[in-house]
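Biologist: I am new to this structure and would like to go through it step by step. Could you show it to me before we start?

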Amino acid sequence: MHFSGTIVLAITAFAGCTSAVPSPRGSLPAAPPRYSTAGFSQDQLAVLKVAETFLQGIGTRNPTQMLDQTLPSGGAALLRNGAEILTTLTGLVNRIPFDSPGEMTEIISGQPIIMVDHDIAMAWTPYEFLINSTVDHVGTDIWSFVKQDGQWLVSGVADNARDPGQHSYEAYETLVL
Ligand SMILES: *[C@@H]1O[C@H](CO)[C@@H](O)[C@H](O)[C@H]1NC(C)=O
């Protein structure tokens, strides 16, 4: 095992992720690290980076950056108040109100689970969606990915959304595990 190499990569990726996402720390409970990438393979790190880059595009209002991470005609299945919204990844990006005055941020708020088989992958990521640094809704994003020409791309997303209620990192850990 190239153990030390893995650790260096993991730390690099984690630093990259935290600096890439605007910090909403003002509204969050005394912040433990949101997640660890210790032990992640290079493919798991690459998949996570695609997901983080996609979400970063919400905060920076950059739909092109988001779509660049995807197969745009891939599917999205969103569950909202018990009703499903079936659309494409383009449709998903188009739902985001990029022209709203509020500051929007979506973060991976707990430990991601990422599984890879050669050229396909999946990720399970608990998320928080913040408006003006206040948690507006939370849920889980389920992602699928394909690897094309060495590049991971989002091939599909399913998610749910609910009121933040009494959200806590501990609750997410329970949900994820
Ligand atoms: C967020 O802040 C903007 C700019 O101050 C404001 O126009 C908007 O109404 C706020 N949105 C929410 C949901 O608080």
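Biologist: What share of the contacts with a separation of 6 or more is between residues 24 or more positions apart?

Modeller: In this predicted model, residues 24 or more positions apart make up 59% of the chain's contacts with a separation of 6 or more.

Biologist: How many helices and strands does the chain have?

Modeller: There are 5 helices and 7 strands. Starting at the N terminus, their order is α-α-α-β-β-α-β-β-β-β-β-α.

Biologist: And what percentage of the residues count as buried?

Modeller: Of the 177 residues in the chain, 28% count as buried.

Biologist: Which residues have the most contacts inside the largest nonpolar core?

Modeller: That core has 28 residues, and those with the most contacts inside it are Val47, Val50, Ala51, Ala123, Phe145 and Val154. Two or more core residues come from each of helix H2 (42–59), helix H4 (89–94), strand E3 (104–108), strand E5 (120–131), strand E6 (134–148) and strand E7 (151–160). H2 gives the largest share, 7 residues.

Biologist: Let us take Phe145. What is it in contact with, leaving aside neighbours within four places in sequence?

Modeller: Phe145 is in contact with Val47 and Val50, with Ile120 and Ala121, and with Trp152, Leu153, Val154 and Ser155.

Biologist: How many residues lie between E4 and E5 in the hairpin?

Modeller: There are 2 residues between them, and His118 in the turn has a positive phi of about 55 degrees.

Biologist: Where does Arg61 lie, and why does it count as partly exposed?

Modeller: Arg61 lies in the loop between H2 and helix H3 (63–67). Arg61 counts as partly exposed because it has 15 C-beta neighbours inside 10 Å.

Biologist: Then Asn81: buried or exposed?

Modeller: Asn81 has 7 C-beta neighbours inside 10 Å and therefore counts as exposed. Asn81 is in the loop between strand E1 (70–80) and strand E2 (83–88). The C-alpha atoms of Asn81 and Asn160 are separated by 8.7 Å, with the two residues 79 apart along the chain.

Biologist: Changing topic, which residues are around the ligand?

Modeller: They are Pro101, Gly102, Ile131 and Asn132. This shell divides into 2 nonpolar and 2 polar residues, with no charged ones.

Biologist: Finally, what is the mean pLDDT of the chain?

Modeller: The mean pLDDT is 82, and 75% of the residues reach 70 or more. Over residues 1–31 the pLDDT is below 50, and this stretch has 32 contacts in the model beyond near neighbours in sequence. The pLDDT is also below 50 over residues 168–177, a stretch with 14 contacts beyond near neighbours in sequence.

Key: Residues numbered from 1 in each chain as written. Predicted model: local features only at pLDDT ≥ 70, side-chain atom pairs only at ≥ 80, totals over all residues. Near = placed C-beta within 6 Å. Nonpolar A, V, L, I, M, F, W, Y, C, P; charged D, E, K, R; others polar. Helix = DSSP H or I, 4+ residues; strand = E, 2+ residues; numbered from the N terminus. Buried ≥ 20, exposed ≤ 12 C-beta atoms within 10 Å, placed from the backbone. Contact = placed C-beta atoms within 7 Å. Core = buried A, V, L, I, M, F, W, Y, C linked by C-beta atoms within 7 Å. Pairing = 2+ DSSP bridges. pLDDT = per-residue confidence, 0-100.
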